[in-house]
Amino acid sequence: MKFLTTLLLIFFINVLTINAQHTISGKIIDTENNPLTFANVVLYKIGSKATPKGTVSTDTGFYEIKNLASGKYQLEISMLGFETQKVKEFDLSSNKTFNFTLKEESQTLNEVVIKSKRPVIKQTAEKLIVDLEKSEMINTNLQDVMRKIPGVLVTNNGISIAGNSGVRILINGKTTEYMDVETLLRDFPADNISKIEVVEQPGAEYEASGAGAIINIILKKNVRLGTHGAVNSWIGEDQGFEWGSGFSIASYKNKLNWQTSVNYSQPTWRDDLFLMRTVGRETYNQATREPYDPDNFSIAGSLDYYIAKNHSIGIGGRLNTRKSTRTSKSETIISDVNTTNTLFSENYFNRDRETFNINPYYEYKTEKDKLVLDFNYVDFTNDNTNTLYDVAGSTISFVDRRYIQDGTYNIKTYRADYTKTISDNLKISAGSRFADVKTDNDLQTFEENNSGNFDKVNEASSRFVIDETILAFYGKINAKMGKWSFSSGLRYEDSNTDGTSTFLENGVLKTVVQKRPIKKLFPSASLSRELTEVLGASISYSYRIQRPSYNSLNSFQQFLDPFSAGEGNPNLTPSYTNNYQFNLTYEGQPFFTVGYSKTDDVIFQLIKQDNSTAQIRQQEVNVENNANWNFRLFAPVNFVKGLEGYTGIIVTNTDFKSSTYNVDLNKWNLIWFLQASYQLPWDVNFEVSGNYGTGALEGQIEVDWLTELDFSFGKKFLDDKLKVNLGFNKMLNRGFVGNIDYGNGIAAVESNGSRQNIQLRMVYSFGSKFGKKKSKRNRNRDEENRINDSN
């Protein structure tokens with residue numbers, strides 16, 4: 001019995017020894033005895049195929065890996081900017097302590113990184129992803145980058161995708177609608193862009209508002225250890241001399257990551273309108289020439305602090321100002337069989353905008369979980385004054401008018417997003433968002449009196465205040481099984497919009513309140529499958545709402561010239577769109593796409609002619625039915641040796657029908673496009689983009705054929721620190737030439753922007769050459785897209 005007891009005791013001691021759980025720990029410092037935070041610690045078990053265990057050092061440089069079985073191991077310590085150290089093989093039968101002193105790298109800073117001239121492009125069911133991290137960007141601004149995206153057309157009229165120009169541009173999830181697209185494309189530096197997502201079927205995590213695609217520009221965080229920056233400058237010729245300059249600097253070390261930038265620009269361009277129409281027996285031939293030369297200034301900064309291993313906080317802010325003064329000149333010749341009269345007029349515009357934004361956040365992140373708490377505050381002011389007056393030489397009298405409009409917008413948005421990665425094949429996410437919006441627009445109208453002064457016209461003046469709240473909840477699941485991938489999401493939005501108009505009518509001050517509560521579910525889903533090793537297919541669906549812009553709800557009217565006026569519509573209601581899309585991909589690249597959308601009560605820019613006053617009025621209205629088909633075929637051009645890029649065709653059909661407004665428009669059009677680059681001798685990079693279209697519907701305007709051509713030359717100097725780009729834009733562009741059917745007459749119209757723009761851009765980079773990828777975070781800024789002033 002005693003012998004048996006002894007054997008059992010020896011057996012249990014051996015079992016406990018074999019299954020004992022051990023710990024490895026230690027401290028990591030640099031050669032100056034400073035603790036190194038977030039150093040990578042990886043432990044490999046020799047002879048095992050199990051996933052290695054790992055951790056990172058704390059703010060004191062301490063690391064610890066627990067619950068380790070006995071055996072032979074290898075330990076590796078690494079940190080960006082420091083030489084890697086290893087303990088190649090050791091036996092673990094008890095707790096171990098390994099301390100490390102890491103030396104800074106000195107010989108490996110200039111290691112060769114293989115990069116492609118072409119960005120990595122991947123088409124998924126929900127979006128097209130253009131990854132610029134591994135591409136060598138000779139181009140220097142956002143406009144050049146956009147021309148690299150298959151099917152995205154950059155034209156005089158802005159950006160369009162599949163024939164739809166209602167594209168929302170986001171930067172890190174923040175809207176840019178308060179900026180004019182022309183300046184944004186020219187000023188925004190390409191070196192700051194990590195990747196671009198073209199989201200045609202937004203999932204539940206996106207705000208449900210919007211009718212067109214979303215282009216989300218994801219910026220590089222601070223991607224280098226140490227301090228680095230860049231200086232950029234450009235000069236050009238468009239409608240006169242134009243120029244811009246900017247400076248950015250960033251630093252990352254241990255727990256602190258900060259960056260700031262300053263930019264200033266004075267671009268120039270113009271929008272000209274030529275209109276010929278008939279009113280009764282008279283012909284109205286109108287020419288309006290409108291130059292733009294705003295002063296744009298922006299300063300931005302962000303600070304991220306890593307509290308502990310999985311916790312970080314940060315804050316970002318920016319200030320944008322835009323001042324613009326310009327004079328639009330109009331000449332209207334009115335003639336019949338017997339007489340000819342001319343009315344000369346000028347409209348002097350003074351615009352002053354300022355946007356202030358601050359955005360604090362908290363983030364918790366592990367390999368399996370991610371939680372983001374985000375608050376965004378926006379204060380936007382838009383003060384406008386314009387004076388419309390006649391000019392000497394007119395044979396028709398006109399009463400001069402002045403409009404003073406002061407607008408303030410205050411937006412507060414609270415957001416919480418949580419993502420759980422259950423496995424490589426299953427991920428769930430959920431979140432909530434609350435937006436509180438207050439806007440105040442005060443329009444005062446004046447007319448000139450007999451003494452040459454301006455008197456206020458109370459009956460044509462108004463104040464419009466909006467108080468809106470939007471509460472949203474969403475959930476989404478992403479799953480993969482074999483060759484199948486699936487995502488499904490559901491978003492619920494509860495919005496309440498109160499619009500209060502104050503105006504004078506028949507000498508009596510009136511206040512009218514309009515309430516618009518909306519409670520609605522917005523589903524989205526996608527399904528994709530790998531058909532072969534190179535072919536893939538996907539289908540997707542999304543349901544969306546387009547709310548009217550805040551300014552469009554105000555019933556005020558403004559004359560742009562003596563015979564043209566725009567006015568708001570307080571009776572506008574949201575429109576709802578069902579979007580469907582089918583994608584066929586080749587090696588993950590876009591190959592063939594079919595899209596269909598059906599919109600009820602689409603918001604439509606209606607242009608009407610009043611034959612009794614000969615005036616044209618523009619007003620947004622709800623058109624009952626709108627349907628769009630698009631077919632897209634893409635092909636890479638690398639079948640030509642040395643050529644990289646895409647070509648393809650886009651076929652669209654647009655249909656508007658309304659019995660209320662007597663609208664019946666339907667048009668097919670085809671666009672061929674080319675986006676390509678070629679390496680010339682002496683390492684000069686040549687890029688060209690162009691397109692030709694057979695015609696299209698631009699709202700109520702039926703446009704004839706279109707064509708555009710842009711090209712540029714780029715080269716690097718000074719050990720790749722200096723990038724120089726010479727661009728020739730709008731070289732063969734044809735303006736919008738077509739017809740407008742008013743219902744009681746047809747007008748010939750030509751809308752023509754600038755021609756032959758030339759720009760020389762230079763970017764000089766300085767500082768650390770270390771490279772470290774940091775996480776990107778899309779901060780919340782959803783409501784600003786409805787601040788819709790185009791001036």
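Visitor: What pLDDT does the protein chain average?
Guide: The average is 83, and 87% of the residues score at least 70.

Visitor: And where is the pLDDT below 50?
Guide: Residues 3–19 are one such stretch, with two contacts in the model beyond near neighbours in sequence. Residues 787–791 also stay under 50, and there the model has 17 contacts beyond four places in sequence. Where pLDDT is low, the predicted coordinates should not be read in detail.

Visitor: Changing topic: what is the order of the open sheet of four strands?
Guide: The order is 3-2-5-6, and the pairing is antiparallel.

Visitor: Which strands stand at the edges?
Guide: Strand 3 (53–56) and strand 6 (85–92); each has a single partner strand, so one side of each lacks a neighbour in the sheet. From one strand to the next, the twist averages 20°.

Visitor: How many bridges join strand 2 to strand 3?
Guide: Four, with strand 2 covering residues 40–45 and the two running antiparallel. Within this pair, Asn 40 stands opposite Val 56 of strand 3.

Visitor: Further along, what does strand 35 pair with?
Guide: Strand 35 (residues 575–586) pairs with strand 32 (residues 535–546) in the antiparallel sense over twelve bridges. Ser 575 in strand 35 stands opposite Gln 546. Strand 35 is also joined to strand 36 (residues 589–610), again antiparallel, by eleven bridges. There, Leu 584 has Phe 592 in strand 36 as its bridge partner.

Visitor: How many residues are between strand 35 and strand 36?
Guide: Two; the strands form a hairpin, and Glu 587 in the turn has a positive phi of about 50°.

How values were computed: Residues numbered from 1 in each chain as written. Predicted model: local features only at pLDDT ≥ 70, side-chain atom pairs only at ≥ 80, totals over all residues. Heavy atoms only, no water. Pairing = 2+ DSSP bridges. Axes fitted to C-alpha atoms, helices over the stretch in contact; angles between N-to-C directions. pLDDT = per-residue confidence, 0-100. Contact = heavy atoms within 4.5 Å.
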